[in-house]
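Here is my note on the model you sent.

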Amino acid sequence: LNSTKKGPESILKTLHHLFSVAIQTACPDITDPPIDIALSGANIKFGDYQCNSSMPLANRYKQLGKKVIPKDLSNKIIANVPPHPLISKFEVAGPGFINIFLNKDYVIQSLSSIIEEGVKPPVLEKKMKVLIDFSAPNIAKEMHVGHLRSTIIGDSIARLLEYLGYDVLRINHLGDWGTQFGMLIAHLQDKFPDYLLKSPPISDLQAFYKESKKRFDEDEEFKKKAYASVVKLQSFDPDHVKAWELICDVSRQNFQKIYDRLDIKIIERGESFYQTRMEKIVKELSANGYLEDDEGRKVMWGDSGSIPLTVVKSDGGFTYDTSDMAAIKQRLEEEKADWIIYVTDAGQATHFQIIFACAKKVGILNPQIHRVDHVGFGVVLGEDKKKFKTRSGDTIRLLDLLDEGLKRSLETLQEKQRDKVLTPEELKNAQESVAYGCIKYADLSHNRNHEYVFSFDKMLEDKGNTAVYLLYAYTRIKSIAKNANLTPDKIKNLAKTHKVSLEHEKEWKLGKVLIRFPDVLLKIVEDLCMHHLCEYVYEIATTFSEFYDSCYCIEKDSSGDVVKINEGRILLTEAAALTMERCFDILGLKPISKM
Ligand code: ARG
């Protein structure tokens, strides 16, 4: 077994490979045979994994006019599976299911390498450059809960892909350009005479923005002034650029506060970055005959049947569509990204479909070599199941929301009397870890395609699949070895002389959960749904607690002194803790040693 040098194996991939070899040998007359490998259900009688290919294969034979009994086929397939250390035995069950049983020694080996070398990612087939476009709030507006979702999901996908060894670029496509800045600056000239010295504070900026929009819609004079302002900004008139920069800075500082608190790293590259590139791509599209005139607008069609992109407005201005066309070109051609992931609310799905279709049409995007994904997500609802708003109906300020999280998390810790045992610093760490952890985890643990109800009460519960439950479970697991004075280094040494214990039914169950880690990650690479990882880490915690309920790791005498240590179980405990840590890291959670 030297697989550990390369990284751990994906069990599903290995089984898939072994069975495709066996099926091709057993059924030479079937082209492109179905290979169906799945995890078995809870009933261990059915083995750990199953191959369910024999029934569809028998159907394929039927189409060829041959009668084949699935059960016979299963036996023939089994006879042709190349020997592999992963597998201990097969059993054919029911009409022809092949039950696959894993080999204990293999699992022991895999777990020891986790302890000795750390939790390694599965090996990448191909290293790709991935650009993740996430967060992307808009200047002069408050960052809202939708942007919070994008920030949390995008950061977690980035963490996952970084861990797997991809070359990741985290990009903040800030809304920092467009007609609205002409409007805003023209309005500030009237209402905020100091606009060239400083920007209004963020709290006022949004109100100014709303007022300017109102004036723009109602007042012809003002509209003209606003347009003149846009032209000036776009031709880099120093005063206008200055005013724009001041406004951007105030917003930027406000966004950064949120990123700092949530420990989010991201590079700003807003819409304004693509200015000259927008002009260029519009010229190209026009020269190549892709633009159509539509009542003064210039539009481009992706697939027929959908709606077109507005590439140039009737007033000559560029749009969100224009910036995304320029951006996709810059990302694929200049940045040489192999894969772009856009994380926004599901409402923008059509926008991205059309952007992708148009990029394909003009030859920027080549589906043979590039991968593009729109990672959409549902709306955030309040506990009343209505759009998440404050009581007065305003959008919720994210900084207030994070403060509320801190307050509520402290209350939860005080209810548990943690303030009596922890030092002030430990308490503060626990408070932040719980507050930000629960906000992130509540978001990530829901299938992103659905809407989700934001509820501090729910996310701070210490039962069920919540961050609080998991953080506590983790601290408890870590305390087992600590109580026996076993430091992580000592445990590492222990792994050289002792075997991970997998004899007890509950030990074996936990061991098999732990070695599924690579498969969970690879599934997420396919569908970019982080809730799989949340379900998995929750499964580790619950399987661990089943194990711990029936298996002693250390025994103490009546005076509380440790009299016996079960080394094999301590090793299993360590493998569980290390795997959980990895999951936390990918989810952006910060476990604490004392809470
Ligand atoms: N600023 C946009 C919004 O608030 C999101 C931008 C997403 N990224 C992109 N390349 N369009 O909805």
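**Notes on the predicted model**

1. Start with a helix pair: α21 passes α22 in a right-handed crossing. This is a predicted model, as are all the points below. Helix α21 covers residues 517-527 and helix α22 covers residues 531-550. They pack at an angle of about 165 degrees. Their axes are 9 Å apart. Angles over 145 degrees count as roughly antiparallel, so α21 is roughly antiparallel to α22.

2. Which residues of α21 and α22 meet? From α21 come Val520, Lys523 and Ile524. From α22 come His532, Leu533 and Tyr536. By class, the contact of α21 with α22 has four nonpolar residues, one polar and one charged.

3. An unreviewed UniProt entry places "domain: DALR anticodon binding" at residues 470-595. Over residues 470-595 the chain is 68% helix. Strand accounts for 6% there. The end C-alpha atoms of residues 470-595 are 12 Å apart.

4. The unreviewed UniProt entry also lists "domain: Arginyl tRNA synthetase N-terminal", at residues 13-102.

5. Next, a four-stranded sheet. Its order is β1-β2-β4-β3. The sheet is open, and the pairing is antiparallel. β1 (37-39) and β3 (87-93) are the edge strands, each pairing on one side only. From one strand to the next, the twist averages 25 degrees.

6. How many bridges join β1 to β2? There are three, and the two strands run antiparallel. Strand β2 spans residues 49-51. Within this pairing, Ile37 stands opposite Cys51 in β2. Helix α2 (residues 11-26) packs on the sheet. It touches β1, β2 and β4 (97-102). The direction of α2 makes about 145 degrees with that of β1.

7. Helix α3 (residues 54-63) and helix α4 (residues 70-80) pack at an angle of about 115 degrees. Their axes are 9 Å apart. Angles of 65 to 115 degrees count as roughly perpendicular, so α3 is roughly perpendicular to α4. Is the crossing of α3 and α4 left-handed or right-handed? The crossing is right-handed.

8. On the α3 side, the contact is made by Ser54, Met55, Leu57 and Ala58. On the α4 side, Pro70, Leu73, Ser74 and Ile77 make it. By class, the contact of α3 with α4 has six nonpolar residues and two polar ones. No charged residue takes part in the contact of α3 with α4.

9. Last, a three-stranded sheet. Strands β8, β9 and β10 form an open sheet in the order β8-β9-β10. Here too the pairing is antiparallel. The edge strands are β8 (292-294) and β10 (309-312), and each pairs on one side only. Neighbouring strands of this sheet are turned by 50 degrees against each other on average, direction ignored.

10. Which residue in β9 is the bridge partner of Asp294? It is Arg297.

Methods: Residues are numbered from 1 along each chain as its sequence is written. This is a predicted model: local features need pLDDT of at least 70, side-chain atom pairs count only at pLDDT 80 or more; totals for chains, interfaces and linings use all residues. UniProt positions are given in the numbering used here, feature names are shortened, and annotations may be inferred rather than shown by experiment. Two strands pair if DSSP finds at least two bridges between them. Axes are lines fitted to C-alpha atoms, for helices over the stretch in contact, and angles run from 0 to 180 degrees between N-to-C directions. Two residues are in contact if their C-beta atoms, placed from the backbone, lie within 7 Å. Angles under 35 degrees count as roughly parallel, over 145 as roughly antiparallel, 65 to 115 as roughly perpendicular and the rest as oblique. A crossing is left-handed if the near helix is turned anticlockwise from the far one by less than a right angle, and right-handed if clockwise. Ala, Val, Leu, Ile, Met, Phe, Trp, Tyr, Cys and Pro count as nonpolar, Asp, Glu, Lys and Arg as charged, and the others, Gly among them, as polar.
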